[in-house]
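Work through the exercises below with the sequence and the model open. Each task is followed by a solution in steps.

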Amino acid sequence: MASRQSIGRWGEKLASEHLKRNGYEVLEANARTPHGEIDLVARHGEVIVFVEVKTRRNDGFGMPEEAITPQKREHLLNAAQAYLQLHPEVEGDWRVDVIAIRCLPGEAQPQITWYENAIG
């Protein structure tokens, strides 16, 4: 059985590929800030997009997007603001998206659900 961390990295890779297929430029993966890690930082036109990726291989802990608690929302907003302060060269509007990935046993393809501007 794969570790939680390797499943998370696999999900981040899928999310990165999904963003690129949709015209986004992925600037950074696993960006560290004083408020924690940001899974993906991307650009779409003039908008900077901070992406939280949640991946599940079963429904035992609920849907992936259900893991975005009020505390996680606050962490994501604080991490995004810290990233912008640490990278003044990154300018423009910004938002936080969530990409939820489910790959249940027996399914051929993972299900990817993208929540744009999920936290604001």
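This is a predicted model: local features need pLDDT of at least 70, side-chain atom pairs count only at pLDDT 80 or more; totals for chains, interfaces and linings use all residues.

**Exercise 1.** Determine in what order the strands form the open sheet, and which are the edge strands.

Solution. 
- Five strands make up an open sheet, ordered β1-β2-β3-β4-β5, with mixed pairing.
- β1 and β5 each pair on one side only, and are the edge strands.
- From one strand to the next, the twist averages 30°.
- Between β3 and β4 the pairing is parallel, over nine bridges.
- V53 has I99 in β4 as its bridge partner.

**Exercise 2.** Describe helix α1, state which of its residues are buried, and find what covers them.

Solution. 
- α1 runs over residues 4-21, which is 18 residues.
- From first C-alpha to last, α1 reaches 26 Å, close to the 26 Å expected at 1.5 Å a residue.
- The buried residues of α1 are I7, G11, E12, L14, A15, S16, H18 and L19.
- In an α-helix there are 3.6 residues a turn, so residues three or four places apart point the same way.
- The cover over the buried residues of α1 includes β1 (25-33), β2 (36-44), β3 (47-56), β4 (94-102) and β5 (111-119).
- α1 packs on the sheet, and its direction makes about 140° with that of β3.
- Just after α1, G23 has a positive phi of about 90°.

**Exercise 3.** Classify the aromatic pair of F50 and W94, and state which parts the pair ties together.

Solution. 
- The structure holds three aromatic pairs.
- In the pair of F50 and W94, the distance is 5.8 Å centre to centre, with 80° between the planes.
- Planes over 60 degrees apart count as edge-to-face, and the pair of F50 and W94 is edge-to-face.
- F50 lies in strand β3 and W94 in strand β4, so the pair ties together parts 44 residues apart in sequence.
- F50 is buried, at a relative accessible area of 2%, whereas W94 is partly exposed, at 31%.
- F50, Y83 and W94 form one aromatic cluster.

**Exercise 4.** Is A42 buried or exposed, and which residues does A42 touch?

Solution. 
- A42 lies in strand β2.
- The relative accessible area of A42 is 0%; buried means under 20%, so A42 is buried.
- Leaving aside residues up to four places away in sequence, A42 touches L19, Y24, E25, V26, L27, V47, I48 and V49.
- L19 is also among the buried residues of α1.
- A42 and E74 are 32 residues apart along the chain, and their C-alpha atoms are separated by 20 Å.

Note on methods: Residues are numbered from 1 along each chain as its sequence is written. Side-chain values use heavy atoms; hydrogens and water are left out. Helices (H or I, at least four residues) and strands (E, at least two) are DSSP runs, numbered from the N terminus. The expected span of a helix is 1.5 Å times one less than its number of residues. Buried means under 20% relative accessible area, exposed over 50%, partly exposed in between (1.4 Å probe, protein chains only). Contact means heavy atoms within 4.5 Å. Rings of Phe, Tyr and Trp (its six-membered ring) pair if their centres lie within 6.5 Å; planes under 30 degrees apart count as stacked, over 60 as edge-to-face and the rest as tilted. Two strands pair if DSSP finds at least two bridges between them. Axes are lines fitted to C-alpha atoms, for helices over the stretch in contact, and angles run from 0 to 180 degrees between N-to-C directions.
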